[in-house]
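Here are my notes on the model you sent over, as numbered points. I hope they are handy while you look through the coordinates.

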Amino acid sequence: KSLSPNGVWLRTTFPREVGETVVLSFRPPHWSDVSELNVFARVTRVSSTEGDDCGLHTGGMGLVFMDLTRSERRLIQAGLSQLN
C-alpha cells in the first residue's frame with residue numbers, strides 16, 4: 001500500500017474498473033480515533049500484471065479519496081510525517 005492525503009495505491013489481483021467508486025475502511029498511521037476512517041474513493045488507475053516466477057502479483061489500483069474533510073487530510077499527512 002502507498003498512502004497519501006489524496007489517495008492510496010492498493011495491490012490486488014482483482015482491481016476494479018477505472019471510474020468505479022469503492023468504499024474503504026482503514027486506520028491511518030498514528031490515528032488516535034478509536035474507529036476506522038470510512039471513505040469513498042474513485043478508481044483512477046489500474047495495473048493488472050500477472051504473477052512472476054515466484055507467484056507474486058504486482059498489480060493493483062490507484063484510488064483518489066472523494067469525501068475526506070480538510071481535517072482528515074491533515075491528520076493523514078501528520079500521521080505519515082511521523083513515519084519518517
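1. Strand β2 is largely enclosed by the rest of the structure, because 4 of its 5 residues are buried. Buried here means under 20% relative accessible area, exposed means over 50%, and partly exposed lies in between (1.4 Å probe, protein chains only). Strands (E, at least two residues) and helices (H or I, at least four) are DSSP runs, numbered from the N terminus.

2. A word on where the values come from: this is a predicted model, in which local features need pLDDT of at least 70 and side-chain atom pairs count only at pLDDT 80 or more, while totals for chains, interfaces and linings use all residues. Residues are numbered from 1 along each chain as its sequence is written, and side-chain values use heavy atoms, with hydrogens and water left out.

3. The protein has 1 helix and 5 strands, and its elements follow the order β-β-β-β-β-α from the N terminus. Of the 84 residues, 29% are buried. Taking contacts (heavy atoms within 4.5 Å) with a separation of 6 or more, 55% are between residues 24 or more positions apart.

4. Two strands count as paired if DSSP finds at least two bridges between them.

5. Going through the pairings, β1 (residues 2-3) is joined to β2 in the antiparallel sense over 2 bridges, and S2 has W9 as its bridge partner in β2. These two strands form a hairpin with 3 residues between them. Strand β2 also runs antiparallel to β5, with 5 bridges; here R11 stands opposite G60.

6. The largest nonpolar core has 16 residues, and L24, L63 and F65 touch the most other members. At least two residues of this core come from each of β2 (7-11), β3, β4 (37-47), β5 (60-65) and α1 (70-81). Strand β4 gives the largest share, 4 residues. A core of this kind is a set of buried Ala, Val, Leu, Ile, Met, Phe, Trp, Tyr and Cys residues joined through side-chain atoms within 4.5 Å.

7. Leaving aside residues up to four places away in sequence, L24 touches V8, L10, L37, N38, V39, A41, L63 and F65.

8. On the outside, V23, F40 and M66 form a nonpolar surface patch with about 290 Å² of accessible area together. V23 belongs to strand β3 (residues 21-26) and counts as exposed because its relative accessible area is 55%. Across the protein, the accessible surface is about 5,800 Å², and 50% of this belongs to carbon and sulfur atoms. Areas come from the Shrake-Rupley method with a 1.4 Å probe; for residues, only the protein chains shown count as cover. Patches are made of residues with over 30% relative accessible area and no salt bridge, with like charges joined within 9 Å and nonpolar side chains (Val, Leu, Ile, Met, Phe, Trp, Tyr) within 5 Å.

9. Finally, the whole structure has 1 salt bridge (a side-chain nitrogen of Lys or Arg within 4 Å of a carboxyl oxygen of Asp or Glu). Which side chains form this salt bridge? Those of R16 and E20, at 3.3 Å from N to O. R16 counts as partly exposed at 42% relative accessibility, and E20 counts as partly exposed at 26%.
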